[in-house]
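Here are a few notes to read alongside the model. Keep the structure open and find each residue as you go.

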Amino acid sequence: AISLLHCKRKFQLTVVRGLTRPRNKILQIGDAYHKANEYIDHGENVEISISKALESCSETDKLALYRSITFFRMQDIPPPITINSIPFIERKFKYAYKSIITSTNQVVDVSLAGTIDRMHLDKDILVLVDYKTACDVTDGQIAKKISEYELSFQLPLYTYAAFHAGLLAAEYFTY
């Protein structure tokens with residue numbers, strides 16, 4: 001919902017009224033990428049994970065998905081943290097942030113909501129991962145997206161929510 005605040009009409013149609021339109025190619029590869037990583041983090045091998053992800057996202061470019069997964073998994077990535085024996089992947093949250101009073105004296109309850117893609121420990125640092133995917137992009141497009149993302153409210157929001165919405169066990173509060 002936060003990403004739609006720039007356009008009141010789009011926010012109204014998608015968030016308030018719940019209307020959707022078909023997902024485009026870039027969003028479909030993102031969906032498949034998330035699914036494949038989720039299967040891998042649950043212990044499934046890469047080949048089976050990609051096959052399962054493609055079942056639910058059939059329009060996805062298989063080669064683009066393989067490239068994305070292979071690139072990410074080539075990194076030395078620690079396993080996700082576990083809370084109550086459940087890996088911290090694709091963790092949804094909704095945090096009652098505060099109530100505000102509008103100019104018409106209506107009380108509006110504001111909640112912060114989202115999905116944290118993955119969290120792991122890298123040495124003594126708690127790392128919150130948010131996957132970003134795209135297909136057929138140039139180096140310039142990647143640099144532009146990263147610079148825009150650096151100014152994004154998303155990761156600070158997710159970090160705040162992780163510590164305030166009951167997602168993390170007390171043992172992780174020192175990281």
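1. First things first: this is a predicted model. Let's start with helix α4, which covers residues 62-74, 13 residues in total. From first C-alpha to last, α4 reaches 18 Å, close to the 18 Å expected at 1.5 Å a residue.

2. Which residues of α4 are buried? They are A64, L65, S68, I69 and F72. Looking down the axis of α4, you'll find these buried residues within an arc of 125°, so they line one face of the helix.

3. Now for the rings: the whole structure holds six aromatic pairs. Take Y33 and Y131: their ring centres are 5.1 Å apart and their planes are at 90°, so this pair is edge-to-face. Y33 belongs to helix α2, while Y131 is in the loop between β5 and α5, so the pair ties together parts that are 98 residues apart in sequence. Y33 is buried at 6% relative accessibility, and Y131 is buried at 7%.

4. Y97 and Y160 are another edge-to-face pair, because their planes are at 75°, with the ring centres 6.4 Å apart. Y97 is partly exposed at 40% relative accessibility, and Y160 is partly exposed at 33%. Together with Y95, these two form one aromatic cluster.

5. Last, check two charges over rings. K52 lies over the face of Y39, 5.2 Å from the ring centre. The charged end of R91 sits over the ring of F88, at 4.5 Å from its centre.

Definitions and conventions: Residues are numbered from 1 along each chain as its sequence is written. This is a predicted model: local features need pLDDT of at least 70, side-chain atom pairs count only at pLDDT 80 or more; totals for chains, interfaces and linings use all residues. Side-chain values use heavy atoms; hydrogens and water are left out. Helices (H or I, at least four residues) and strands (E, at least two) are DSSP runs, numbered from the N terminus. The expected span of a helix is 1.5 Å times one less than its number of residues. Buried means under 20% relative accessible area, exposed over 50%, partly exposed in between (1.4 Å probe, protein chains only). The arc is that of the directions from the helix axis to the C-beta atoms. Rings of Phe, Tyr and Trp (its six-membered ring) pair if their centres lie within 6.5 Å; planes under 30 degrees apart count as stacked, over 60 as edge-to-face and the rest as tilted. A charge sits over a ring if NZ of Lys or CZ of Arg is within 6 Å of the ring centre and within 35 degrees of the ring normal.
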